[in-house]
Amino acid sequence: MSARTADALAPAPLSELLDRGCPHDEIRSWLDSLSRADRVQAALALRGSRVGRLYRAVAGGAPVYAEDFVAASTPDDTTVIMEGRNSLPAFSRFQKRFARLGETIVGYNHQSMSMVTGPGYFEVVRGAEDDAAEESRRGLYFDYTRVPSHAPTGWPPVRPNTSGLSRLVYAHMTDTMRSVADGVVVGAAYKRGVAQNAFFVLCHAD
């Protein structure tokens, strides 16, 4: 899916549901009633503060699993692409690309500023009781303090997130994930356990 297609006018009710403060089950039911293409279009049409509003609206919903990003049937070293929109005022469209390497699912950020910020590698991690952020203890998150030893086939070279300009964006960061609907998740960024008031939505387009 092109950014132009994703930016096209989406069905209005998702924004309306958020503005009315509708509960998660109503949001999920509405999104799940759409075709996959319309669901992606609706989610990626959210902008700015509405992305964060979606994150808050789905608190306490269905758990997120590693298979929500890479299905168990997907062969190792196979790239899975999720389309994304973040809450920033500019450069808000991006992709997160995932692959399984043995027992670990890894990912990186594919976006227009990657030449400056680096790929932002991370691992998909299940929360543990000693995680710094309370939110991370409750579910699944992307851990940018963990990077793979090697890149999956066709991916950019692995770079530490603490080097160069990467450290300004990705160093000491985790993204805590929440389920929205089938093929749709939403995340919030933390650094050293502190919420950054930065949010993003991800969708499986295929």
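Two strands pair if DSSP finds at least two bridges between them, and helices (H or I, at least four residues) and strands (E, at least two) are DSSP runs, numbered from the N terminus. Keep in mind that this is a predicted model, where local features need pLDDT of at least 70 and side-chain atom pairs count only at pLDDT 80 or more, while totals for chains, interfaces and linings use all residues. Residues are numbered from 1 along each chain as its sequence is written, and side-chain values use heavy atoms, with hydrogens and water left out.

**View 1. Strand β7 and its two partners.** Let's start with β6 (residues 173–181), which runs antiparallel to β7 and is joined to it by eight bridges.

View 2. (Buried means under 20% relative accessible area, exposed over 50%, partly exposed in between, with a 1.4 Å probe and protein chains only.) Since eight of the eight residues of β7 (residues 184–191) are buried, the strand is largely enclosed by the rest of the structure.

View 3. Six bridges link β1 (residues 80–86) to β2, and the two run antiparallel. Check out valine 80, which stands opposite phenylalanine 98 in β2. The β1 and β2 hairpin has six residues between its strands, and phenylalanine 91 in the turn has a positive phi of about 55°. On to β3 (residues 104–110): it is antiparallel to β2, and seven bridges join them. Arginine 100 stands opposite isoleucine 105 in β3. Two residues lie between β2 and β3 in their hairpin, with glycine 102 in the turn at a positive phi of about 65°.

**View 4. Both faces of β2.** Which residues cover the two faces of β2? Arg93, Gln95, Arg97, Ala99 and Leu101 sit on one side, Phe94, Lys96, Phe98 and Arg100 on the other, and all are buried. With nine of the nine residues of β2 (residues 93–101) buried, the strand is largely enclosed by the rest of the structure.

**View 5. Aspartate 19 meets arginine 50.** Aspartate 19 and arginine 50 form a salt bridge, their closest N and O atoms being 2.7 Å apart. (A salt bridge is a side-chain nitrogen of Lys or Arg within 4 Å of a carboxyl oxygen of Asp or Glu.) Aspartate 19 lies in helix α2 (residues 13–19) and arginine 50 in helix α5 (residues 49–57), so the pair ties together parts that are 31 residues apart in sequence.

**View 6. Aspartate 182 meets arginine 36.** These two side chains meet in a salt bridge (3.7 Å, N to O). Because aspartate 182 lies in the loop between β6 and β7 and arginine 36 in helix α4 (residues 36–44), the pair ties together parts that are 146 residues apart in sequence.
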